[in-house]
Amino acid sequence: MPFEYKRIVVAMDGSEASEHAFQKAIDIAKRNDANLYLSHVVDTRAFATVEAYDRTLADRADEYASELLQKCEQQARDAGLTSVQIDIEYGSPKIKIAKEVAPKYDADLIICGATGLNAVERFFIGSVSEHITRYASCDVLVVRPETDE
């Protein structure tokens with residue numbers, strides 16, 4: 001009997017890489033008749049000091065996350081998935097996805113893009129996808145952007 005993934009978490013940040021990961025997640029979820037959890041973590045560390053000067057930053061981050069996930073939820077439903085849930089969290093994406101979001105849904109697969117939006121953090125302390133791969137207690141699929149080569 002072949003193994004099937006039943007609870008799939010997709011890390012979404014709005015980058016091109018996360019869009020590729022999302023498309024692959026739809027295909028895998030359809031093949032496995034799986035529940036799909038679309039997760040975006042609002043990186044509160046990124047605007048903690050700036051927020052003292054611009055209080056609307058947190059509101060805009062919330063709005064962005066909500067719009068992104070609602071759009072993707074509709075795309076997944078349009079593709080034929082019936083069990084799709086959105087999840088917005090706050091904190092560090094590299095910690096939240098692997099250690100809190102995936103366990104909350106008892107995920108058996110996390111899908112994420114190979115690169116996200118934050119190149120500076122990736123340079124200094126490693127990528128979100130690297131951290132997820134290292135600390136997740138379930139399988140992780142890191143999706144690379146398609147190239148024209």
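Which residue forms a salt bridge with R7 in which the closest N and O atoms are 3.8 Å apart? The partner is D108. The legends below refer to a predicted model.

**View 1**
R7 forms a salt bridge with D108, with 3.8 Å between the closest N and O atoms. R7 counts as partly exposed because its relative accessibility is 25%. D108 has a relative accessibility of 14% and therefore counts as buried, the limit being under 20%. Salt bridges that share partners join R7, D106 and D108 into one network. The backbone of D106 has a phi near 55°, a positive value in a residue other than glycine. Side chains of opposite charge can pair when their charged atoms come close.

**View 1. The salt bridge between R134 and E130 in helix α5.**
A search of the whole structure finds 8 salt bridges; the one shown here joins R134 and E130, with the closest N and O atoms 3.2 Å apart. R134 and E130 are 4 residues apart in helix α5 (residues 128-135), so about one helical turn separates them. R134 is exposed, because its relative accessible area is 55% and the exposed class begins over 50%. E130, at 38% relative accessibility, counts as partly exposed.

The side chains of S39 and D87 are joined by a polar contact of 3.3 Å. Beyond residues up to four places away in sequence, S39 touches V9, V10, A11, M12, L69, D87, I97 and V101. The C-alpha atoms of S39 and L68 are separated by 10.0 Å, the two residues being 29 apart along the chain.

**View 2. V10 and the largest nonpolar core.**
The largest nonpolar core has 21 residues, of which I8, V10, M12, F22, L36, L38 and I111 touch the most other members. Two or more residues of this core come from each of β1 (7-11), α1 (16-32), β2, α2 (56-78) and β4 (109-113). Helix α1 gives the largest share, 6 residues. With neighbours within four places in sequence left aside, V10 is in contact with A21, F22, A25, L36, Y37, L38, S39 and I111. A second, separate core of 15 residues includes V9, Y37, I97 and A102. In soluble globular proteins, nonpolar side chains tend to be buried together.

**View 3. The aromatic pairs F3–Y5 and Y37–Y105.**
The count of aromatic pairs comes to 2. The ring centres of F3 and Y5 are 5.0 Å apart and the planes stand at 85°, so this pair is edge-to-face. F3 is exposed, with a relative accessible area of 60%. Y37 and Y105 form a stacked pair, with 4.1 Å centre to centre and 15° between the planes. Y37 lies in strand β2 and Y105 in the loop between α3 and β4, so the pair ties together parts that are 68 residues apart in sequence. Both Y37 and Y105 are buried.

**View 4. K99 over the ring of Y135.**
The charged end of K99 sits over the ring of Y135, at 4.6 Å from the ring centre.

**View 5. D33 in the loop between α1 and β2.**
D33 lies in the loop between α1 and β2. Phi of D33 is near 50°, a positive value in a residue other than glycine. D33 has a relative accessible area of 61% and is therefore exposed.

Conventions:
Residues numbered from 1 in each chain as written. Predicted model: local features only at pLDDT ≥ 70, side-chain atom pairs only at ≥ 80, totals over all residues. Heavy atoms only, no water. Contact = heavy atoms within 4.5 Å. Polar contact = N/O pair within 3.5 Å; in protein donor to acceptor, adjacent residues only side chain to side chain. Core = buried A, V, L, I, M, F, W, Y, C linked by side-chain atoms within 4.5 Å. Buried < 20%, exposed > 50% of the residue type's maximum accessible area, 1.4 Å probe, protein only. Salt bridge = Lys/Arg side-chain N within 4 Å of Asp/Glu carboxyl O. Phe/Tyr/Trp six-rings, centres within 6.5 Å; stacked < 30°, edge-to-face > 60°. Lys NZ or Arg CZ within 6 Å of the ring centre and 35° of its normal.
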